[in-house]
Amino acid sequence: MTDDVRNIVLGVIAAGISASLGFALLELSALIKDCGAHAQIITHDTAQQGFGERTEYCVGGPTSNQRMAAHLRTLLPGVRINVEQEPGPDRVAFQVGSERYRMEPGTAEYVLLARLTGGQEARPVFLFCGQRAITNQAATRYVARNYDKLRRKHGNKSFCLLLKVVNSQAYGPDVVELVGDVTREAQSPTPSTPVSHRAGS
C-alpha cells in the first residue's frame with residue numbers, strides 16, 4: 001500500500017458490535033494495520049460527517065445501519081434491498097439494475113463490495129453490504145486476500161462488485177465467488193420492475 005494511505009485516518013462505520021460483525025471488524029482491523037493507519041470506530045447513528053473527508057469502511061445492511069442506507073441511496077441508486085421483515089423468498093433480496101438476487105440461507109448469500117469516491121481529492125468509502133453478517137465478514141476477507149489484484153484492476157476508480165458466499169453453513173465466510181462487476185448497473189437508477197430472478201446460480 002502507498003505511503004499516503006498509511007497516513008490517513010480511517011473511519012470505520014459499524015452498525016453495532018455483534019459476534020459476526022465483530023469478526024468482520026477483525027478482518028478490517030488486520031487490513032488497516034497493514035496500511036499503518038489509525039482506525040476510529042463510529043456507530044452508524046453517531047456518524048455525522050460528509051462523504052470523502054476521510055477513508056471510510058461501512059459495514060452492515062441498510063436495516064441495521066443508517067449510514068449504509070444513506071450511501072446506497074446517494075451513491076448506488078441502482079441497488080435496492082428488500083428490507084421487509086416478513087418471511088418469504090424475496091426477504092433481503094438484492095436488486096441490482098434489472099437483476100434480483102435472492103438469499104438461500106447457508107447455501108447462497110450475496111454481498112456488495114464497493115469502493116466509491118466523490119472526486120479525485122476525495123477519500124474513498126468502502127461498502128460491505130451483505131444479506132447476513134457472515135457475508136460482510138466474507139467480503140472483508142475477500143478484500144484482504146485480493147487487495148493488490150483489486151488495486152491493479154481498478155486503481156483509484158470507483159467500483160461495485162457482487163460476491164456470492166457459497167455454502168456458508170459448511171464453509172463459513174471462506175468460499176466466495178465473484179458474480180460480477182455491477183458498477184454501471186449500481187450507479188444508474190433502478191428500473192421499476194426486475195426482469196429476472198437469481199438464487200444460488
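Residues count from 1 along each chain as its sequence is written, and side-chain values rest on heavy atoms, with hydrogens and water left out. Because the model is predicted, local features need pLDDT of at least 70 and side-chain atom pairs pLDDT 80 or more, while totals for chains, interfaces and linings use all residues.

**View 1. Tyr57 and Phe128, a stacked pair.** The structure holds three aromatic pairs, where a pair means rings of Phe, Tyr or Trp (its six-membered ring) with centres within 6.5 Å. In this one, the ring centres of Tyr57 and Phe128 sit 6.0 Å apart with planes at 20 degrees, so it goes down as stacked (planes under 30 degrees apart; over 60 is edge-to-face and the rest is tilted). The pair ties together distant parts of the chain: Tyr57 belongs to strand β3 (residues 55-59) and Phe128 to strand β8 (residues 125-130), 71 residues apart. Strands here are DSSP E runs of at least two residues, helices H or I runs of at least four, both numbered from the N terminus.

**View 2. Tyr101 and Tyr110, a tilted pair.** Centre to centre, Tyr101 and Tyr110 are 5.3 Å apart, with 55 degrees between the planes. Tyr101 is buried at a relative accessible area of 5%, and Tyr110 is buried too, at 1%.

**View 3. Helix α4 and its kink.** Helix α4 covers residues 133-154 and spans only 26 Å between its end C-alpha atoms, whereas a straight helix of 22 residues would span 32 Å. That expected span is 1.5 Å times one less than the number of residues. Look at Asn146: a kink of about 75 degrees is centred there, the bend being the angle between axes fitted to the seven residues ending at a residue and the seven starting there. Just past α4, Gly155 has a positive phi of about 55 degrees.

**View 4. Cysteines without disulfides.** Searching the whole structure turns up zero disulfides, a disulfide being two cysteine sulfur atoms within 2.5 Å. For Cys58, the nearest cysteine sulfur is that of Cys129, 8.2 Å away. Cys58 is buried, with a relative accessible area of 0%. Cys160 also has Cys129 as its nearest cysteine sulfur, at 9.1 Å, and Cys160 is buried at 1% relative accessibility.

How values were computed:
Buried < 20%, exposed > 50% of the residue type's maximum accessible area, 1.4 Å probe, protein only.
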